[in-house]
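This report describes the strand pairing, helix packing and selected local features of one protein model. The structure is shown first, and the description follows.

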Amino acid sequence: MALRTKANWFGVALNSPDPQALGRFYVRLLDWELHTDTPGWVTVAPSKDAGYNLGFHLEKQYERPVWPGEKGKQQMQMHLDLEVDDLDQAVAHAIEAGAELAEYQPQEDVRVMLDPDGHPFCLYLD
């Protein structure tokens, strides 16, 4: 049996000590819309009918991950990959939106960025 619903909707959720602030960061970064906005849960998507979204869940015990990973420190659980047309422009836009460029950069055509809560995300050229 396939795991499927009548409404074809897919989402990824990130934990955050401040989901409303993190959701607004991703609205600026991706030029998406804010759909759910409560102190404990925020959802952003390109549109109401897009079929996919990013969610941000309140986690009071949140610990900022380190990149790259270090033994004994909070590891990242996942990261987002975002294909871009121009890497330099995308990095500048991400920084303007509130991200920071990670110190360690493992590839020439990828830039590892950190969102305001420290979740890594990659900007990359195809």
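## Strands 1 and 4

Strand 1 and strand 4 (residues 52-58) run parallel and are joined by 7 bridges. Within this pairing, Ser-16 has Leu-58 of strand 4 as its bridge partner. Strands are DSSP runs of E with at least two residues, helices are runs of H or I with at least four residues, and both are numbered from the N terminus. Two strands are taken as paired if DSSP finds at least two bridges between them.

The model is predicted: local features require pLDDT of at least 70, and side-chain atom pairs count only at pLDDT 80 or more, whereas totals for chains, interfaces and linings use all residues. Residues are numbered from 1 along each chain as its sequence is written, and side-chain values use heavy atoms, with hydrogens and water left out.

The strands form an open sheet of 4 strands in the order 1-4-3-2, with mixed pairing. Strand 1 (10-16) and strand 2 (33-38) are the edge strands; each has a single partner strand, so one side of each lacks a neighbour in the sheet. From one strand to the next, the twist averages 15°. Angles run from 0 to 180 degrees between N-to-C directions, and axes are lines fitted to C-alpha atoms, for helices over the stretch in contact.

Helix 1 (residues 19-30) packs on this sheet and touches strand 1, strand 2, strand 3 (41-45) and strand 4. Contact here means heavy atoms within 4.5 Å. The direction of helix 1 makes about 155° with that of strand 4.

## Helix 1 against helix 2

The axes of helix 1 and helix 2 (residues 87-97) come within 9 Å and cross at roughly 150°. The two helices are therefore roughly antiparallel to each other; angles under 35 degrees count as roughly parallel, over 145 as roughly antiparallel, 65 to 115 as roughly perpendicular and the rest as oblique. The crossing of helix 1 and helix 2 is right-handed, a term used if the near helix is turned clockwise from the far one by less than a right angle.

At the contact, Phe-25, Arg-28 and Leu-29 of helix 1 meet His-93, Ala-94 and Ala-97 of helix 2. By class, this contact of helix 1 with helix 2 has 4 nonpolar, 1 polar and 1 charged residues. Ala, Val, Leu, Ile, Met, Phe, Trp, Tyr, Cys and Pro count as nonpolar, Asp, Glu, Lys and Arg as charged, and the others, Gly among them, as polar.

## Salt bridges and backbone features

The whole structure contains 2 salt bridges, each defined as a side-chain nitrogen of Lys or Arg within 4 Å of a carboxyl oxygen of Asp or Glu. One of them pairs Arg-24 with Asp-37, with the closest N and O atoms 2.6 Å apart. This pair links distant parts of the chain, since Arg-24 is in helix 1 and Asp-37 in strand 2, 13 residues apart.

Asp-31, in the loop between helix 1 and strand 2, is a residue other than glycine with a positive phi, near 60°. A cis peptide bond with omega of about -10° joins Trp-67 and Pro-68. Pro-68 is located in the loop between strand 4 and strand 5 (80-83).

Strand 6 pairs with strand 7 (residues 110-114) in the antiparallel sense over 2 bridges, and Glu-100 stands opposite Leu-114 in strand 7.

Glu-83 belongs to strand 5. Leaving aside residues up to four places away in sequence, Glu-83 touches Tyr-124 and Asp-126. Glu-83 and Asp-126 are 43 residues apart along the chain, and their C-alpha atoms are separated by 6.7 Å.
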